[in-house]
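Please open the structure in a viewer and display the side chains.

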Amino acid sequence: MSKIHYKSQEEIELIRESSLLVSKTLAEVAKVIKPGITTLSLDKLAYEFIKDNGAVPAFLNYGGFPYSLCISPNEQVVHGFPSDYVIKEGDLISVDCGVIKNNFFGDSAYTFAIGEINEERKKLIKVTQECLSFATEKAIVGMRIGDIAYAVQSHAEANGFGVVRELVGHGVGVKLHEKPEVPNYGSRGKGIKLEEGMVIAIEPMINAGTAAVKFWSDGWTVTSKDNKPSAHFEHTVAVKKGKADVLSTFSLIEKVLAEKS
């Protein structure tokens, strides 16, 4: 069984650099995402932007995945293929991005609301972001993985939403997926103890309806079983004493979206 790789502060700063490039890439997506464009066009933009910034798209050819972004509209939970799908008003579009720079990975995801969305979708996005925020607050020395997991599960389920169990967050560093696994469901005080030097991707995947999912025959795409919408937000986070150090940011994305509205 592979063990947890604890990072030095220097290594954490390199992961921060990669994570901020992911955030900048998602902000570039935010500038152009709108009704009438294809998800494939977003993938091409991200590929060029990451390359222009001296990095490599982490997802491209990872385990055979053929794109730079995972783009998952509406009922797709994660790992959706960019395609000729034309984005339309009212869509939820989850965009997951990873990069490798200076041999270290960064990983983050954001779910975009396209134009006017209905109340159920507004609540889903709000609650999923809150789940991430509450979970991130638990990424401090002395807490346990179960505390992060419980923060997500309790808030999502209190709002009537389903918490996906088949997919989890993970450690991040010299690999895209390292130990430990970071589930979105669990019990407080259980699981691996969080220690300084751990860097993890916390990523609530929350369904408007059932928690159950189905896996497509393409080997990647995951959708909600009842075809209700799903939302996905993700940060790369360094475990610290007292307060978590969030290495990725949504502020760049939200600045762009505020300027567009």
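Rings of Phe, Tyr and Trp, the last represented by its six-membered ring, form a pair if their centres lie within 6.5 Å. The model is a predicted one, and a search of the whole structure finds 8 aromatic pairs.

Next, select Tyr110 and Phe250. How far apart are the centres of the rings of Tyr110 and Phe250, and at what angle are their planes? The centres are 5.1 Å apart and the planes stand at 75°, so the pair is edge-to-face. Tracing the chain shows that this pair links distant parts of it: Tyr110 belongs to strand 5 (residues 104-113), while Phe250 lies in the loop between strand 15 (245-246) and helix 5 (251-260), 140 residues apart. Tyr110 and Phe250 are both buried.

Phe233 is found in the loop between strand 13 (230-232) and strand 14 (235-238), and 17 residues separate Phe233 from Phe250. Phe233 is buried, as is Phe250.

Select Lys123 with Phe161: Lys123 lies over the face of Phe161, at 5.5 Å from the ring centre. Then select Arg165 with Tyr185, where Arg165 lies over the face of the Tyr185 ring, at 4.8 Å from its centre.

Notes
Residues are numbered from 1 along each chain as its sequence is written. This is a predicted model: local features need pLDDT of at least 70, side-chain atom pairs count only at pLDDT 80 or more; totals for chains, interfaces and linings use all residues. Side-chain values use heavy atoms; hydrogens and water are left out. Rings of Phe, Tyr and Trp (its six-membered ring) pair if their centres lie within 6.5 Å; planes under 30 degrees apart count as stacked, over 60 as edge-to-face and the rest as tilted. Helices (H or I, at least four residues) and strands (E, at least two) are DSSP runs, numbered from the N terminus. Buried means under 20% relative accessible area, exposed over 50%, partly exposed in between (1.4 Å probe, protein chains only). A charge sits over a ring if NZ of Lys or CZ of Arg is within 6 Å of the ring centre and within 35 degrees of the ring normal.
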